[in-house]
Amino acid sequence: MPIEIITTVEDRSGTKGSTSVKVLDTATLAQLNAFAPLWATALNNVILGKITSVFANLIGSTFGITGNTGTVDADVEHVGKFQFRTATGNRVNINIPALDENAIAAYSSDTLDEAAPEVAAFIAAMETGVTVTGGTISPCDIGEQSIVDTLFAREAFRNSGARK
Amino acid sequence: MDELVQELMNLVNGANGTMTHATLLAAWPADKRGALPKAIKTARQLNLLTQEVKLVDGAIVHTYKKV
């Protein structure tokens, strides 16, 4: 699973562009932390724009996901909108495109059915993390605070600007 | 303790302290379905219950365990 380093550059007009490079997943977090500023400096030396961010993305494999097929009802503008809270009170927002209508509590409501097994499991994965061999992987906020609570889970519609 | 939390813990205790969410939902009174997430949240905040999410044979298994 390669790690993708995405660097975003802003020009004089504020327009953003990005470039990416993949590195081997043998890199440790400490090594990636050391690599990011070094890579940004190397890039900075050959560009005129301002580097606004350097992200490291792990490219996860979707091989083996059961039932991972697009259906005729799938619509990325139909969104599951979640807001969580960390122990320090920070809010973590996540919007999931192509929400399944079955996740909604009632026909006339925009509230998601948090008791439904699929929704409950997603919320649990956000709040307490996912158990993997050797530990638990927990979603967190930008300050690395773990999520402790769900503030809301509801249906929303977002214009993607690319509707066909 | 909250009546719904008590009811939740009775169900989990009745299943030897471990229960999947799907099993819990099936055993939970249908007319109180909307109150289940809050009961689970309260039980977790009171440290009566922990939850675990893992992947088993390609499927998510969401389990509650009595503390």
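**Reading chain B, step by step**

Author: Let's start with charge. Chain B carries 8 positive and 6 negative side chains, and the centres of the two sets sit 5 Å apart. Keep in mind that this is a predicted model.

Reader: Okay. What order do the elements of chain B run in from the N terminus?

Author: Read them off one by one: α-β-α-α-β-β. That comes to three helices and three strands. The radius of gyration is 12 Å, close to the 11 Å that the globule rule gives for 67 residues, so chain B is as compact as a globular protein of that length.

Reader: And what does the C-alpha trace of chain B span along its principal axes?

Author: About 35 × 25 × 20 Å.

Reader: How much of the accessible surface of chain B belongs to carbon and sulfur atoms?

Author: Take the total, about 3800 Å²; carbon and sulfur atoms account for 52% of that. For the inside, look at burial: 33% of the 67 residues in chain B are buried.

Reader: How do I read contacts along the sequence?

Author: Take pairs at least 6 apart in sequence, then ask what share is at least 24 apart. In chain B, 46% of those contacts join residues at least 24 apart.

Notes:
Residues are numbered from 1 along each chain as its sequence is written. Chains are lettered from A and ligands numbered from 1 in the order in which they are written. This is a predicted model: local features need pLDDT of at least 70, side-chain atom pairs count only at pLDDT 80 or more; totals for chains, interfaces and linings use all residues. Side-chain values use heavy atoms; hydrogens and water are left out. Helices (H or I, at least four residues) and strands (E, at least two) are DSSP runs, numbered from the N terminus. The radius of gyration is taken over C-alpha atoms; the globule rule is 2.2 Å times the number of residues to the power 0.38. Buried means under 20% relative accessible area, exposed over 50%, partly exposed in between (1.4 Å probe, protein chains only). Contact means heavy atoms within 4.5 Å. Accessible areas come from the Shrake-Rupley method with a 1.4 Å probe; for residues, only the protein chains shown count as cover. Lys and Arg count as positive and Asp and Glu as negative; His and the chain ends are not counted. The place of a charge is taken as NZ of Lys, CZ of Arg, CG of Asp or CD of Glu.
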